[in-house]
Amino acid sequence: MTAHEIAAQVRRQRLLYRTLAGVLAHLALSGVAVLFVVPFAWLIVTSLKPLNQVFTDPLVWLPDPVMWVNYSEALTSPAFPFLRLLGNTVVYAVASTAGTIVSAVVVAYAFARLEFRGRDLLFGITLATMMLPGIVTLIPTYLLFRWLGWIGTYLPLVVPLWFGSAFNIFLLRQFMMTIPVDLTDAARIDGAGDFTTLWAIMVPLIKPALLVVGLFQFMASWNDFFGPLIYLDEASEYPLVLGLYAFRTRFGVQWHLIMAASLVVTFPIIALFFAAQRYFIEGVTMSGLKGS
Amino acid sequence: MASITPADQPPVARRAPRISKQLRRDLQAYLFLAPWLFSLLAFTAYPMFASFYFSLTKYSILNPPRWIGADNFVTMFTNDPLYWKAVANTAYYTFVSVPLSIVVALGLALLLNQRARGIGIYRTIYYLPSLMPVVASTLLWLVLLDPRLGLVNIGLQALGLPKLGWLSSADWSKPGIILMSLWTGTGSAMLIFLAGLKDVPSSLLEAAMIDGANGWQRLRHVTIPLLTPTIFFNLIMSIIASFQVFGPAYVAGDGGARQAGPLNSLLMYMLLIYRNAFRFFEMGYASALALVMFIVLVALTLVVVRSSDSWVHYEVGRR
């Protein structure tokens with residue numbers, strides 16, 4: 001065998017090895033993916049079944065007939081006033097997202113760029129509150145809002161967010177620290193005030209971080225169950241997730257309709273995720289930065 | 001916007017007193033901070049202190065709180081059988097689901113850290129369940145875990161395994177919601193692990209490879225030690241989250257109507273607080289329950305932080 005042939009054989013072996021490794025990797029990846037996909041698939045399949053095919057042995061994987069009508073039935077059911085629930089949810093999610101962004105930007109700017117006495121102490125307190133589990137403040141906060149006459153409205157869920165939230169302040173402050181001081185200083189030398197500098201210079205530079213904060217708050221409010229559960233009392237005020245829960249309580253065994261409604265409630269968040277996947281993943285990763 | 005920046009107008013009197021500059025800076029900054037300071041006082045400091053006070057009172061919402069000293073705590077520990085039930089359920093849930101979720105999240109991240117085509121699609125698939133609202137995912141799992149004809153049991157049967165009672169049996173209801181939490185709740189930790197894995201310097205792995213370390217040895221002696229800060233972070237986060245688990249227990253346990261799951265096997269601590277506060281309106285007792293949970297959680301976190309000296313490695317100058 002010439003040296004040439006040996007080299008060729010080594011190359012072939014290496015290629016084989018690499019292909020084999022690739023195949024194994026894909027086998028493992030897709031094997032696990034099946035475990036994640038099957039429950040989702042079952043959600044979709046069940047939502048399209050007639051009721052008598054929901055629980056069967058053997059399992060029915062392809063509904064016959066395909067009941068698209070389940071969706072219109074679920075969404076027009078008086079027990080699941082879809083448009084009203086959707087409207088409530090959108091108002092709740094938008095109002096809390098706007099509040100979170102506006103307040104966190106302003107406060108984060110002060111921590112990132114302004115020099116004032118007590119800054120380190122206050123920032124330390126802010127970090128400490130991040131670790132505080134919500135449970136110890138829950139009951140007095142509820143009583144406070146009750147005293148204000150806010151039970152049965154979205155005010156207890158939205159108003160606090162307009163006053164800042166520790167994690168978002170921290171996140172935006174970290175991001176602002178990476179913006180070169182020269183950029184904001186230049187604006188100030190030109191005579192811009194702090195609000196102008198923040199609005200015209202800083203905000204455009206930290207748009208990705210704002211998007212992350214906004215997306216996560218939007219999703220948190222959309223999916224929020226506990227808050228609406230304790231603060232709202234009329235079914236007409238409910239957001240989608242609470243409406244979904246109430247729907248299930250009323251129609252305990254109509255699983256085909258409940259699955260259709262569940263999918264409808266989930267769908268907007270998944271669509272949002274696909275539209276802004278990069279920011280979602282960046283956001284989760286950023287939240288982990290605290291750890292390292 | 002420019003019109004509302006008084007601090008930046010040229011000072012009217014150039015010979016103004018010296019204090020003005022620093023003071024003006026402070027005032028300007030505290031104007032920015034005003035909403036947050038208000039929030040810290042109204043939504044954090046006040047409720048924390050009020051929690052202590054209410055926990056020492058009988059407070060049935062309609063009547064003003066009445067001081068009863070430590071009675072709530074005495075009742076809790078000696079006279080409320082549901083209390084110990086909730087403690088046991090929550091401890092079971094935490095001690096099983098936390099390690100499992102860390103292992104699963106790390107395993108998924110390792111899978112995703114391979115160089116393979118279409119890896120982004122897999123990442124999306126693994127993360128997707130984390131986006132589902134808890135009510136929707138729990139309802140889905142009620143269907144999947146149906147003891148007679150649910151997908152999971154029929155799958156077990158097909159594998160020759162016995163069908164399990166899942167959410168309708170006192171023994172299997174907690175494993176049921178833990179299984180569900182592995183499907184819905186590991187996405188974020190997985191992404192954080194994945195970011196940590198990307199930070200493991202390939203030079204170290206190559207050096208280990210040249211020294212003859214196999215895949216398992218590289219994982220065990222290079223990757224995992226470098227990942228310990230991330231494991232530590234995910235561990236704390238998931239302990240805090242599982243102590244406060246509520247949604248799945250509430251939805252699967254039928255809103256805690258009379259029993260939360262069979263024989264109250266899904267009565268989680270948060271559910272107990274919820275019932276006392278918002279069903280029975282015993283605000284004093286509920287505050288005491290919340291306070292105890294808080295103290296236990298802080299203690300447990302401190303234990304983990306203390307122990308971290310011996311197993312979390314920061315030496316390779318990351319960040």
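This is a predicted model: local features need pLDDT of at least 70, side-chain atom pairs count only at pLDDT 80 or more; totals for chains, interfaces and linings use all residues.
**Domains, chain contact and selected residues**

Ser137(B) is found in helix 5 of chain B, a helix that covers residues 134-144. Leaving out residues up to four places away in sequence, Ser137(B) touches Met132(B), Met180(B), Trp183(B) and Thr184(B). A further reference point is Gly247(B): 110 residues separate Ser137(B) and Gly247(B) along the chain, and their C-alpha atoms are separated by 10.0 Å.

Chain B is divided into domain 1, residues 2-55, and domain 2, residues 81-311. The C-alpha centres of these two domains of chain B lie 41 Å apart. Contact between them involves five residues of domain 1 of chain B and five residues of domain 2 of chain B. Together the two domains of chain B bury about 410 Å², and carbon and sulfur atoms account for 75% of this area. On the domain 1 side of chain B, the residues that lose the most area to domain 2 are Phe52(B), Phe54(B) and Ser55(B), which together make up 70% of what that side buries. Zero salt bridges are counted between domain 1 and domain 2 of chain B.

In chain A, 12 residues of domain 1 are in contact with 11 residues of domain 2. The area buried between these domains of chain A is about 930 Å², with 84% of it on carbon and sulfur atoms. Leu43(A), Leu51(A) and Tyr71(A) supply 49% of the area that domain 1 of chain A buries against domain 2 of chain A, more than any other three residues. The salt bridge count between domain 1 and domain 2 of chain A is zero.

The next step is to look at how the chains meet. The contact between them takes 99 residues from chain B and 95 residues from chain A. About 8600 Å² is buried between chain B and chain A, and carbon and sulfur atoms give 78% of that area. Phe32(B), Trp36(B) and Phe43(B) supply 9% of the area that chain B buries against chain A, more than any other three residues. Two salt bridges are counted between chain B and chain A. Glu115(A) forms a salt bridge with Arg25(B), in which the closest N and O atoms are 3.7 Å apart.

Apart from its neighbours within four places in sequence, Phe274(A) is in contact with Thr124(B) and Leu128(B). Phe274(A) is found in helix 13 of chain A, residues 255-275, and counts as partly exposed at 46% relative accessibility. Phe274(A) and Ala246(A) are 28 residues apart in sequence, and 29 Å apart in space from C-alpha to C-alpha.

A last stop is the surface of chain A. Val23(A), Leu24(A) and Leu27(A) form a nonpolar patch there, with about 300 Å² of accessible area together. Of these residues, Val23(A) is found in helix 1 of chain A, which covers residues 3-47. Val23(A) counts as partly exposed, because its relative accessibility is 45%.

How values were computed:
Residues are numbered from 1 along each chain as its sequence is written. Chains are lettered from A and ligands numbered from 1 in the order in which they are written. Side-chain values use heavy atoms; hydrogens and water are left out. Patches are made of residues with over 30% relative accessible area and no salt bridge: like charges are joined within 9 Å, nonpolar side chains (Val, Leu, Ile, Met, Phe, Trp, Tyr) within 5 Å. Accessible areas come from the Shrake-Rupley method with a 1.4 Å probe; for residues, only the protein chains shown count as cover. A salt bridge is a side-chain nitrogen of Lys or Arg within 4 Å of a carboxyl oxygen of Asp or Glu. Helices (H or I, at least four residues) and strands (E, at least two) are DSSP runs, numbered from the N terminus. Buried means under 20% relative accessible area, exposed over 50%, partly exposed in between (1.4 Å probe, protein chains only). Domain bounds come from an automatic or database domain assignment. Contact means heavy atoms within 4.5 Å. Buried area is the accessible area (1.4 Å probe) that two parts lose on being put together, summed over both.
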